[in-house]
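Here is my note on the model, in numbered points. Please read it with the coordinates open.

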Amino acid sequence: MEFSSKLLEKAVNEMAQLPGIGKRTALRLVLHLLKQPVEQTQFLSQALTSMREEIKFCKNCHNISDVEVCEICNNPSRNHKIICVVEDVRDVMAIENTNQFKGIYHVLGGKISPIDGVGPSQLNIKSLVDKVALGQTEELIFALSSTMEGDTTNFYIFKQIKDFDIKTSTIARGIAIGDELEYADEVTLGRSILNRVPFENSLKNL
Ligand SMILES: [Zn+2]
């Protein structure tokens with residue numbers, strides 16, 4: 001792609017670093033911004049910079065938050081004895097949208113995936129095991145995607161906590177939960193949380 005301006009080229013190249021944005025799309029977006037008032041670009045860049053510099057991860061559940069402890073963990077009307085284990089913040093948002101879950105979350109920050117070089121130590125697993133070890137938790141709900149990586153991660157955590165007196169369950173399988181939990185529709189996802197099954201049952205299918 002030949003550019004008539006180095007500034008334009010730089011902006012397009014930066015934009016094209018984003019997933020799913022090729023050079024052509026990047027060029028279209030940059031040219032769009034050029035046609036808008038300059039404030040729009042300033043608001044966009046300011047929002048991105050503040051988000052990147054100021055955002056926090058809840059010290060209890062690792063959910064993205066503006067404060068040290070997220071709103072969910074800080075809410076006394078939530079059941080802090082039931083922890084739903086999810087891969088990332090999108091899953092928290094998807095499950096919150098169902099309005100069917102009143103416990104709290106634990107965001108792992110990914111799944112165990114040896115192919116991608118992601119091992120247990122790179123995920124928020126130790127803090128989960130430490131939390132369970134405190135003895136305040138009654139149930140862990142595994143709500144990871146039903147992929148091999150999801151299963152591996154569930155099983156790894158299960159092995160770490162199975163000696164504690166705690167119930168483990170998994171959201172119902174065989175429904176419209178594909179690779180990405182966030183794409184399951186709200187009714188289906190809500191139902192699968194209500195109809196969760198003991199985790200041991202899911203092992204028989206392995
Ligand atoms: Zn939290």
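1. First, a convention for helix packing. Axes are lines fitted to C-alpha atoms, for helices over the stretch in contact, and angles run from 0 to 180 degrees between N-to-C directions. Helices (H or I, at least four residues) and strands (E, at least two) are DSSP runs, numbered from the N terminus.

2. This is a predicted model: local features need pLDDT of at least 70, side-chain atom pairs count only at pLDDT 80 or more, and totals for chains, interfaces and linings use all residues. Residue numbers start from 1 along each chain as its sequence is written.

3. Take helix α5 (residues 89-98) and helix α8 (residues 186-194). Their axes are 8 Å apart and the packing angle is about 90°. α5 is therefore roughly perpendicular to α8 (65 to 115 degrees). On α5, the contact uses Ala-94, Ile-95, Asn-97 and Thr-98; on α8, Glu-186, Leu-189, Gly-190 and Ile-193. Contact here requires C-beta atoms, placed from the backbone, within 7 Å. By class, this α5 and α8 contact has 4 nonpolar, 3 polar and 1 charged residues. Nonpolar covers Ala, Val, Leu, Ile, Met, Phe, Trp, Tyr, Cys and Pro; charged covers Asp, Glu, Lys and Arg; the others, Gly among them, are polar.

4. Now helix α1 (residues 6-15) and helix α2 (residues 23-35). The axes come within 8 Å and cross at roughly 120°. α1 supplies Leu-8, Ala-11, Val-12 and Met-15 to the contact, and α2 supplies Lys-23, Ala-26, Leu-27, Leu-29 and Val-30. The class count for α1 with α2 is 8 nonpolar, no polar and 1 charged.

5. On domains: the assignment, automatic or from a database, gives domain 1 (6-54) and domain 2 (75-203). Their centres, taken over C-alpha atoms, are separated by 35 Å.

6. UniProt, in an unreviewed entry, lists residues 58-73 as "zinc finger region: C4-type". Such annotations may be inferred rather than shown by experiment. In the model, the end C-alpha atoms of residues 58-73 lie 8 Å apart, and the span is 19% helix and 12% strand.

Key. Two residues are in contact if their C-beta atoms, placed from the backbone, lie within 7 Å. Angles under 35 degrees count as roughly parallel, over 145 as roughly antiparallel, 65 to 115 as roughly perpendicular and the rest as oblique.
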